[in-house]
Amino acid sequence: MRSQPAISIANLSHYYGQGNLRKQVLFNINLTIQTGEIVIMTGPSGSGKTTLLSLIGCLRSAQEGSLQILGQELRNANKQRLLHSRRNIGYIFQAHNLLEFLTAKQNVMMALELHDHIPHHEATAKAEQMLSVVGLGKHLHDYPENLSGGQKQRVAIARALVSHPKLALADEPTAALDKKSGRDVVELMQYLAQEQGCTILLVTHDNRILDIADRLVQMEDGHLTTPNESHLSSLAA
Ligand code: ADP
Ligand code: MG
C-alpha cells in the first residue's frame, strides 16, 4: 500500500490584515510531498516562503483551500488541533532561536518537554546522544554565547530532530553561516532525516546546497512553481 503524502496542499491561499488592509500573500498553492522526500523551496525575499512554511508547520491556521499535514486536514484548525499536529514537526530557523540562558543540552531537552510521557533521565540521555551525533558531545554544557554560528545551528538541528519528528521544516537554516558550515549543516540534516525516515522541506537562497534535494519548488509573488532550466542555471551561476 502506498503511504499517504506527508504534505498535501490544494488551492491554498492566505491573506494578512483585515478590511482595507487585507492583502493576499499566497495564491492557489498546490504541493504534495511524499514521506521521506527532501524538497527545497527557493524564491526572492517577500515572495511568501515563510508564510507557507508557517502554515505547513501549524504555527498559524490555514484560511482558504486544503492543507493536510501527516493526514490531518488543518484548514480553520483551532489552537488545540494545531498544537497537536506540531508535536510531529521539527523546526529549524534562520536565527537558531536557542535560549541563551540554557546550555546546549538544556536547549535540546526543551524539545522533549512537549512530550510529557518522557521521563527526565531518558530526556537527558536522548539529548546527550543527539548532541554527540551532531558532533557536539564535548559541548553539552556550553551556553550559546560560547558556541560558533555553525555549532549553534547544529544544536538547533539536534533540538528539532531529537523527538524524531515525522516532518522537519527549515527556514533558511544556512543564512547566517559561512560556506563550509552551511554545507555541513544541511548534510547533517540530510543524514539524520534518512536515518529517521523524516520528510524535509527546506527554504533557502543558498544555491550551494540545492543538490541535497530530491526536488525543487520555487515561490514567486505568492505563486508556487517548479523552477525551469534557465532559473536553475542562474541559481547555479
Ligand atoms: P519570504 O519568507 O519569502 O521573505 P514572507 O512569507 O515572510 O516572505 O512574506 C510574504 C509577504 O507577506 C511580504 O509582503 C511580507 O511583508 C508580508 N508579511 C509577512 N508576515 C506578515 C505579517 N505577520 N503581517 C502582515 N504581512 C506580513
Ligand atoms: Mg522568509
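This is a predicted model: local features need pLDDT of at least 70, side-chain atom pairs count only at pLDDT 80 or more; totals for chains, interfaces and linings use all residues.
Two strands count as paired here if DSSP finds at least two bridges between them.

Take the pair β1 and β2. β1 covers residues 7-16, and seven bridges join it to β2 in an antiparallel arrangement. One of the bridge pairs to look for is Y16 with K23 in β2. As a general point, side chains in a regular strand alternate between the two faces of the sheet.

Now to another set of strands. β3, residues 38-42, runs parallel to β9, residues 215-220, and four bridges join them. M41 has V217 in β9 as its bridge partner. β9 is also joined to β10, residues 223-225, by three bridges, and that pair is antiparallel. Here E220 stands opposite H223 in β10. β9 and β10 make a hairpin with two residues between them, and D221 in the turn has a positive phi of about 50°.

Next, the helix α1, residues 49-56. Is it enclosed or open to the outside? Seven of its eight residues are buried, so the helix is largely enclosed by the rest of the structure. The buried ones are K49, T51, L52, L53, S54, L55 and I56. Just after α1 comes C58, with a positive phi of about 60°.

In general, nonpolar side chains in soluble globular proteins tend to be buried together. The largest core here has 42 residues, and the members that touch the most others are L131, V155, I157, L161 and L202. Two or more residues come from each of β3, α3, α4 (120-133), α5, β7 (167-171), α6 (179-196) and β8 (199-203). Apart from this core lies another, of 31 residues, which includes I9, M41, L67 and I89.

What does V155 touch, leaving aside neighbours within four places in sequence? The list is L98, A104, N107, V108, L131, L136 and L147.

Then the largest pocket. Its volume is about 500 Å³. It is lined by 18 residues, and the closest to its centre are I89, Y91, A111, L114 and R159. α2 (79-86), β6 (89-92), α3 (104-113) and α5 (149-161) each give at least two residues to the lining. By type, the lining has ten nonpolar residues, five polar and three charged.

Last, one proline. P165 sits in the loop between α5 and β7. Why does P165 count as buried? Its relative accessibility is 3%, and buried means under 20%. Leaving aside neighbours within four places in sequence, P165 is in contact with N88, I89, G90, A160, Q196 and C198. One of these, G90, is 75 residues away along the chain, yet the C-alpha atoms of P165 and G90 are separated by 5.7 Å.

That is the tour.

Technical notes: Residues are numbered from 1 along each chain as its sequence is written. Chains are lettered from A and ligands numbered from 1 in the order in which they are written. Side-chain values use heavy atoms; hydrogens and water are left out. On a 1 Å grid over the protein atoms alone, a cavity is a set of points where a 1.4 Å probe fits but cannot get out, and a pocket is an open set with protein on both sides within 12 Å along at least five of seven lines; lining residues have an atom within 4 Å of a point. Grid points are joined across faces, edges and corners, and a volume is the space filled by probe spheres set on the points. Ala, Val, Leu, Ile, Met, Phe, Trp, Tyr, Cys and Pro count as nonpolar, Asp, Glu, Lys and Arg as charged, and the others, Gly among them, as polar. A nonpolar core is a set of buried Ala, Val, Leu, Ile, Met, Phe, Trp, Tyr and Cys residues joined through side-chain atoms within 4.5 Å. Buried means under 20% relative accessible area, exposed over 50%, partly exposed in between (1.4 Å probe, protein chains only). Contact means heavy atoms within 4.5 Å.
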